[in-house]
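Visitor: Can you walk me through this one? I'd like the strand pairing, then a helix.

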Amino acid sequence: MKKLVLASVMALASMSLVPAPTLRAQDITIKDPAEFAAYQQATTQSDPKARAAALESFVQTYPQSVVLNDVLNRLLDTYATLGDSDHELSAADRLLKIDPNDLKAIYMSVGIKTLQCKKNLDPKTGFATDPAPCDDAAALAQKGLNATKPAASAGDAWKNQTDIAYPVFDSTIAADDVYSKKDFKAAIDEYKKELALYPADKTTSGTPLGDTLNLAFAYTKEAPPDPVNAVWYFARAWNFAPANYKSIIEKQLEYWYNKYHGGLDGLDALKTQAQATLFAPGTLVIKPAATPQEKIHAILESTPDLTTLALADKELVLAYGSKDDADKLWALMKDKPTPVPGTVVDATASVIKVAVTDDAKQAKTADFIVNLKTPLADKDIPAAGTELKLMSGGGPELDGTYDTYTQIPGTDTVPQSAQIVLREGFVQKKTPAHKPAAGRPRATSNQ
């Protein structure tokens, strides 16, 4: 009968974390001398490949051994040393079959599955082409969060292990929410749970800093996006990012800040504030940019004679202005004649539809509809794509009289606009200069 003391070490996988080893000692007796000798021979191999082979042989020969848990733990460590993730995962799976709550096996499995998940990301969309590895990693991570403290865990051993593992588990679940499930609200909750587990001084580098940046991106992917929280975490990440990443993060930070605020004033103060603390304070306020209605009202207030506005600007007021502002301008436009320069979208003998603004031209939709006073001959109907100009620019010129207007709500692909209808339309063209008919040269005589 042989008696020995086993020490199992919490060796963590490929997460770039180097915790202090946690030892758990227990007395185990191996009754079979041959089994004891095989155990000693396998565990004392100095070469990792030889040790892996000897440990595998032991597992095959003694599948019911009292030291099977220890041997599988050693196999797990050995394969991790060799960088053999397939066999490492196999050892972890076998270990979890005899001890479903083994935090080390769960942790190392999560690490491998996470790497597999990231190898399946589409470089264009950033989402998983095969969600299975991401989902598997998240399921294992949740299993790790639910694992119970072993009865034999002494002192602070369990706390030391969970302090390292739990943030990684939350990060893994958040990544699955993003890459596989596209559930950005759930991802935000998980990233915040993860970051709250770290001491403040550990959040300025490594995985916590990377997930601060991921948290910022998650806020931009919500429907609708949350730019206020996004810029806070972009600013936090920017403060501590390595020099070669600062410019990349700053582009995102400035884009979302400017999109929400309408300028970059105040951004430096926000950066300073975010440097001092990780989480956005509940009192965080960023003044939003003026709404389209507010901007248009300011334009009308600063324009003494509204009839001098360009045609496209008039449409902008009718499309985005408040009802009072739009009606104020329309009162000056209705029943007034006007040329309609733009691109023909569609035309018949009696109606010409024209795209006037750049947005309408890009979307190939008509924002001006001109009902003609007199039907056109077939040969005079302008083709789609024809550019209508002013007579001073060479024509052809389309004219009409303002009749009605309607605000058209925007969609995900087409911006808000106004559709303006004119009556009594007509088309002007320059008449070619008359050339005198060629005649016989007049005879002259020299005198």
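**Strands and a helix**

Guide: Thr-338 stands opposite Gly-400 in strand 8. Strands here are DSSP E runs of at least two residues, helices are H or I runs of at least four, and both are numbered from the N terminus. This is a predicted model, where local features need pLDDT of at least 70, side-chain atom pairs count only at pLDDT 80 or more, and totals for chains, interfaces and linings use all residues. Residues are numbered from 1 along each chain as its sequence is written, and side-chain values use heavy atoms, with hydrogens and water left out.

Visitor: How many bridges join strand 3 to strand 8?
Guide: Three, and the strands run antiparallel. Strand 3 covers residues 337-339 and strand 8 covers residues 397-408. Two strands pair if DSSP finds at least two bridges between them.

Visitor: And how many join strand 8 to strand 9?
Guide: Ten, again antiparallel. Strand 9 is residues 417-428. Tyr-405 stands opposite Ile-420 in strand 9.

Visitor: What joins strand 4 to strand 5?
Guide: A hairpin, through three residues. Strand 4 (residues 342-347) and strand 5 (residues 351-355) pair antiparallel over four bridges. Asp-346 stands opposite Lys-353 in strand 5.

Visitor: Which residue in strand 6 does Ile-352 stand opposite?
Guide: Val-370. Strand 5 and strand 6 (residues 368-372) run antiparallel, with four bridges between them.

Visitor: Switching to helix 7. Where is the kink?
Guide: At Asp-163, shortly before the proline Pro-167. The kink is about 30 degrees. That bend is the angle between axes fitted to the seven residues ending there and the seven starting there.

Visitor: What is the end-to-end span of helix 7?
Guide: Its end C-alpha atoms are 34 Å apart. The 25 residues, 157-181, should span 36 Å at 1.5 Å a residue, so the two agree. The expected span is 1.5 Å times one less than the number of residues.

Visitor: Is helix 7 mostly covered or uncovered?
Guide: Mostly covered: 20 of its 25 residues are buried. Buried means under 20% relative accessible area, exposed over 50%, partly exposed in between, with a 1.4 Å probe and protein chains only.

Visitor: Why does Ala-175 count as buried?
Guide: Because its relative accessibility is 11%. Ala-175 lies in helix 7.

Visitor: What is Ala-175 in contact with, beyond its neighbours within four places in sequence?
Guide: Ser-180 and Tyr-191. Contact means heavy atoms within 4.5 Å. The C-alpha atoms of Ala-175 and Asp-135 are separated by 9.5 Å, with the two residues 40 apart along the chain.

Visitor: What comes just after helix 7?
Guide: Lys-182, with a positive phi of about 55 degrees.
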